[in-house]
Amino acid sequence: MTTETANAASPTDVVTNTTSRETFDSLSPINGDVVGTHPVHTAEDVEEAVRRAREAAAWWSALSFDERAEILNTWKGVVTRRIAQLADLSHRETGKPHSDATLEAALALDHIAWAAKNAKKVLGRHKVSSGLVMANQAATVEYKPLGVVGVIGPWNYPVFTPLGSITYALAAGNTVVFKPSELTPGVGGWLAATFAEVVPDHPVFQVVTGLGETGAALCRAGVDKVAFTGSTETGKKVMAACAETLTPVVIEAGGKDAVLVDEDADLDAAADATLWGACANAGQTCTGVERVYVHDRVYDEFLSRLLDKARDLSADESPDTKIGPITMPAQLGKIRAHIDDALARGGRAVLGGPEAVGERYVQPTILVDVPEDSSAVQEETFGPTMTVTRVADMDEAIAKTNATRYGLGSTVFAKARGMELAERIRSGMTSVNGVITFAAIPSLPFGGVGDSGFGRIHGADGLREFTYAKSIARQKFKPLLALTSFGRTAKNDQQLTQMITMMHGRGSTLEK
Ligand code: NDP
């Protein structure tokens with residue numbers, strides 16, 4: 001055991017007084033080895049963690065923005081110095097290549113820095129206009145922390161994704177109780193344990209581990225908000241549980257993201273980005289590319305370049321592989337079912353196909369001529385597969401892109417019309433001439449519409465998501481017109497009518 005490993009306490013240490021006896025193992029998707037053993041925290045354990053978090057919130061929320069920023073930046077330094085250890089643990093729990101695990105952690109660090117730096121500016125009390133009618137008032141607004149935020153995270157990006165909620169919730173002055181996926185409890189525990197090294201005396205960021213029931217218990221444990229990232233189906237259960245106590249939720253759910261390739265696009269760059277967007281992390285990316293719509297004039301050329309690049313790519317267990325295994329074994333059946341359905345309905349596999357789905361690994365698969373109503377086009381596949389579809393023009397590409405229940409991310413490759421096409425796509429985020437670039441820009445809000453969820457993490461919206469607005473109107477001097485008083489006279493009413501007629505009587509400025 002290295003010193004660094006010894007420093008990283010297990011999640012069991014994070015919740016004290018645990019009543020839990022039961023444990024579960026996290027397993028390597030590469031070879032089935034046990035990576036770690038963790039407690040199944042019960043509803044009582046979760047309630048205890050939330051109680052402790054509430055006590056800690058009194059201390060944490062009373063710190064200034066600068067003091068919290070200092071702590072977050074110190075933690076960022078610890079995580080940065082141990083990034084290799086974190087990436088190794090993530091590699092062992094998810095199977096993703098070391099290089100991808102390092103990239104994921106590196107991008108999360110940038111978000112910690114942004115949230116720490118910008119919380120004061122975004123959330124601190126600031127003046128707003130009080131308007132002519134209330135000119136005697138000083139109007140200010142500030143965004144206050146909610147208290148304790150429960151974070152429920154997925155396994156596919158066990159560092160970047162939950163930290164998108166955790167970091168912003170902490171920077172806004174909340175304490176956090178985090179339930180990681182049962183597939184990645186070690187990474188969750190590592191994150192909380194390193195934070196606890198920086199803040200040893202207050203349980204500002206705790207982890208509870210277990211299966212779905214532990215997550216359900218967190219929804220009912222009296223937290224002030226739940227930030228959920230996972231599948232749309234589980235998101236609905238989380239929302240239903242939170243509805244019982246009117247606990248607000250952020251839902252970051254699945255996607256069916258499309259790439260649009262226009263006739264003037266840089267085809268080589270588009271093929272490169274499409275392949276990476278579809279196959280990185282073995283396709284297990286909420287904003288991963290699953291559909292591609294290509295202008296008729298460049299379809300053949302694009303497909304040929306895409307195939308050229310994809311032929312060299314394989315998923316295997318070699319140390320320098322670019323694609324790891326499918327993390328959740330149950331997903332293999334779903335990927336296979338989507339491919340089978342596409343082929344049964346007249347689609348063709350120009351790369352991969354049903355035989356690409358192995359016992360742990362799925363080889364890159366490119367499907368063409370797939371009908372739009374097949375599951376490979378409508379449902380989240382979460383594997384290194386994509387459909388590539390010919391469209392007559394970009395209007396057809398937009399219509400097809402928008403014809404799913406999801407609306408998370410999207411990508412446009414185009415020279416002349418990039419921004420125009422991006423604006424017409426119904427999705428929370430779009431990259432133009434790049435892929436998934438929006439996720440790595442901390443100032444851009446991240447989230448979806450439709451079945452991809454609601455609410456935002458990252459950026460100013462992501463900070464405000466974990467706060468409530470507190471408005472104060474302070475009287476600067478006595479009003480010329482006392483409006484909120486029974487002392488208001490008929491003359492006052494007349495003066496008010498004259499004033500609002502002057503201000504608003506002309507109606508639309510467009511009428512002129
Ligand atoms: P799941 O929905 O299966 O699980 C997500 C989390 O919810 C896990 O921690 C899980 O615990 C927990 N959970 C399960 N049941 C309940 C319940 N009844 N109440 C409360 N919590 C519960 O998703 P996956 O982990 O499989 O993640 C993959 C999904 O996440 C994909 O759909 C992907 O698109 C989406 N995702 C979305 C992102 C976004 O930002 N929009 C980012 C990353 C992923 P346990 O693991 O123990 O079952």
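**Ligand site, pocket and cavities**

Reader: Start with Trp155. How far is its polar side-chain atom from an oxygen atom of the ligand?

Author: The distance is 2.8 Å, from a polar side-chain atom of Trp155 to a ligand oxygen. Keep in mind that this is a predicted model.

Reader: Noted. What about the side chain of Lys179?

Author: An N or O atom in the Lys179 side chain lies 3.0 Å from an oxygen atom of the ligand.

Reader: And Glu380? How far is its polar side-chain atom from a ligand oxygen?

Author: That distance is 2.5 Å. Again the ligand atom is an oxygen, and the Glu380 atom is a polar one in the side chain.

Reader: How much of the ligand does the protein bury?

Author: The protein buries 89% of the 900 Å² that the ligand exposes when taken alone.

Reader: Which residues come nearest the ligand?

Author: Gly153, Glu182, Ser231, Ala253 and Glu380. They belong to a set of 30 residues around the ligand. Glu380 is also the residue with the 2.5 Å distance.

Reader: How does that shell split by class?

Author: It has 13 nonpolar, 12 polar and five charged residues.

Reader: Which helices and strands each supply at least two residues of the shell?

Author: Helix 8, residues 212-219, does. So do strand 8 at 225-229 and helix 9 at 232-243.

Reader: Where does the ligand sit?

Author: In the largest pocket. The volume of that pocket is about 930 Å³.

Reader: What lines the largest pocket, closest to its centre?

Author: Trp155, Phe228, Gly230, Ser231 and Thr234 lie nearest the centre, out of 37 lining residues.

Reader: What classes line the largest cavity?

Author: Seven polar, four nonpolar and four charged residues.

Reader: What's the volume of the second largest cavity?

Author: About 50 Å³. Its lining includes Lys256, Glu290, His338 and Leu367. Thr381, Thr385, Met386 and Thr387 are among the lining residues too.

Reader: Which elements each give that lining at least two residues?

Author: Helix 12, at 331-344, and strand 14, at 385-391. Helix 12 also supplies at least two residues to the lining of the largest pocket.

Reader: Last one. How do the residues lining the second largest cavity divide?

Author: Five are nonpolar, four polar and two charged.

Definitions and conventions
Residues are numbered from 1 along each chain as its sequence is written. This is a predicted model: local features need pLDDT of at least 70, side-chain atom pairs count only at pLDDT 80 or more; totals for chains, interfaces and linings use all residues. Side-chain values use heavy atoms; hydrogens and water are left out. A residue is near a molecule or strand if one of its heavy atoms lies within 4 Å of it. A polar contact is a pair of N or O atoms within 3.5 Å; within protein, one must be able to donate a hydrogen and the other to accept it, and residues adjacent in sequence count only if both atoms are side-chain atoms. Accessible areas come from the Shrake-Rupley method with a 1.4 Å probe; for residues, only the protein chains shown count as cover. On a 1 Å grid over the protein atoms alone, a cavity is a set of points where a 1.4 Å probe fits but cannot get out, and a pocket is an open set with protein on both sides within 12 Å along at least five of seven lines; lining residues have an atom within 4 Å of a point. A molecule sits in a cavity or pocket if more than half of its atoms lie within 2 Å of its grid points. Helices (H or I, at least four residues) and strands (E, at least two) are DSSP runs, numbered from the N terminus. Ala, Val, Leu, Ile, Met, Phe, Trp, Tyr, Cys and Pro count as nonpolar, Asp, Glu, Lys and Arg as charged, and the others, Gly among them, as polar. Grid points are joined across faces, edges and corners, and a volume is the space filled by probe spheres set on the points.
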